[in-house]
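Visitor: Hi, could you walk me through this one? I'd like to start with the fold and then jump around a bit.

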Amino acid sequence: MLKAGNAILRRFTPEDLDGLFRCFSDPDATEFITDPVDRPEALEGVLEEFIHGHESGTALNWAVVEKGTGLYAGSVSLQEFSFHDGSAETAFELLTEHRGKGLMTSALSAAVEYGFDALGLHRIEARVAEGNRRAERLLYRVGFRLEGTLRDALLLHGAHRNVNVFGLLSSDAFPGRSRRRGPGRMPSPSDPG
Ligand SMILES: CC(C)(COP(=O)(O)OP(=O)(O)OC[C@H]1O[C@@H](n2cnc3c(N)ncnc32)[C@H](O)[C@@H]1OP(=O)(O)O)[C@@H](O)C(=O)NCCC(=O)NCCS
């Protein structure tokens, strides 16, 4: 479990299917990500991967819950690990009713700090469909830099979209940088996160 600001990042459990479905069935939450799903069962496989990714070390997906209420608010991940390059990609989303409170700023900062300090990553990347202003504002707030644009890289809702690539290096100065820096290593099945 990770904590930052008003956010708690915990592992997914089977009970999170409802929260995941509310998010991925919402046309607003999925506008820049994917087509919305129309039934919870469509996400059962995804949830399985979210739960077991921590054990296999393939992808770390955390449920973001609001401190105080304990309500499911969304998720944040570190995934697409490259052991050779020391890199990973992050993705994140919030239910609409939990936006505008700084929850994901705290959650993404905690995930980034975990990636750099606990896992020893060198680089974390985010890929955002062009026009996703809230996601871009979030990334800038956490310290990511815009690095370039992949033209027509995403087929979304029937049309090709440009994708902006953001990156953050462990050596970058950014707001949430911790002074505590361990030796670092890539994820393993025994990780507590
Ligand atoms: C991307 C996304 C998570 C950003 O959500 P968000 O609510 O804007 O981000 P935060 O939780 O960090 O909240 C920040 C907002 O709350 C405000 N805020 C209020 N209290 C705050 C606090 N204590 N700390 C920081 N920000 C605070 C900020 O001003 C900011 O609003 P602004 O951008 O309009 O200025 C959300 O828009 C989303 O889920 N989008 C759909 C999924 C998606 O597109 N994901 C990206 C693909 S990888």
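This is a predicted model: local features need pLDDT of at least 70, side-chain atom pairs count only at pLDDT 80 or more; totals for chains, interfaces and linings use all residues.

Visitor: Great. What is the strand order in the sheet?

Guide: The order is S1-S2-S3-S4-S5-S6-S8-S7, an open sheet of eight strands with mixed pairing. Strand S1 (2-4) and strand S7 (145-156) are the edge strands, each pairing on one side only. From one strand to the next, the twist averages 25°.

Visitor: Let's begin at the S1 end. How many bridges join S1 to S2?

Guide: Three, and these two strands run antiparallel. Ala-4 has Ala-7 in S2 as its bridge partner. The hairpin of S1 and S2 has two residues between the strands, and Gly-5 takes a positive phi near 55° there.

Visitor: And moving on, how do S2 and S3 run, parallel or antiparallel?

Guide: Antiparallel, with five bridges joining S2 to strand S3 (residues 60-66). Leu-9 finds its bridge partner in Val-64 of S3.

Visitor: What about S6 and S8, how many bridges there?

Guide: Seven bridges join S6 to strand S8 (residues 159-169), and the two run antiparallel. Ala-129 stands opposite Val-163 in S8.

Visitor: Switching to the core. Which residues touch the most other members of the largest nonpolar core?

Guide: Those are Leu-9, Val-64, Ala-107 and Ala-111, out of 46 residues in that core. H3 contributes the largest share of this core, nine residues.

Visitor: What is Leu-9 in contact with, leaving aside its neighbours within four places in sequence?

Guide: Leu-9 is in contact with Met-1, Leu-2, Trp-62, Val-64, Val-76, Ala-107, Ala-110 and Ala-111.

Visitor: Which residues of H1 are buried?

Guide: In helix H1 (residues 17-24), the buried ones are Gly-19, Leu-20, Phe-21, Cys-23 and Phe-24. Their cover includes helix H2 (44-56), strand S4 (72-82) and S5.

Visitor: Now the ligand. Which residues are closest to it?

Guide: Arg-99, Gly-102, Met-104, Thr-105 and Arg-134 are the closest, within a surrounding set of 22 residues. Strand S5 (87-94), helix H3 (103-118), strand S6 (123-129) and helix H4 (133-142) each give two or more residues to this shell.

Visitor: How do the shell residues divide by type?

Guide: Into twelve nonpolar, five polar and five charged.

Visitor: What about Asp-152, where is that?

Guide: Asp-152 is in strand S7. Here too phi is positive, about 50°, in a residue that is not a glycine. Asp-152 counts as exposed because it has 11 C-beta neighbours inside 10 Å.

Visitor: Last one: why does Gly-120 count as partly exposed?

Guide: Because Gly-120 has 16 C-beta neighbours inside 10 Å, while the cut-off for buried is 20 or more and for exposed 12 or fewer. Gly-120 lies in the loop between H3 and S6. Its C-alpha atom is separated by 12 Å from that of Ser-82, 38 residues apart along the chain.

Terms used: Residues are numbered from 1 along each chain as its sequence is written. A residue is near a molecule or strand if its C-beta atom, placed from the backbone, lies within 6 Å of it. Helices (H or I, at least four residues) and strands (E, at least two) are DSSP runs, numbered from the N terminus. Ala, Val, Leu, Ile, Met, Phe, Trp, Tyr, Cys and Pro count as nonpolar, Asp, Glu, Lys and Arg as charged, and the others, Gly among them, as polar. Two strands pair if DSSP finds at least two bridges between them. Axes are lines fitted to C-alpha atoms, for helices over the stretch in contact, and angles run from 0 to 180 degrees between N-to-C directions. A nonpolar core is a set of buried Ala, Val, Leu, Ile, Met, Phe, Trp, Tyr and Cys residues joined through C-beta atoms within 7 Å. Two residues are in contact if their C-beta atoms, placed from the backbone, lie within 7 Å.
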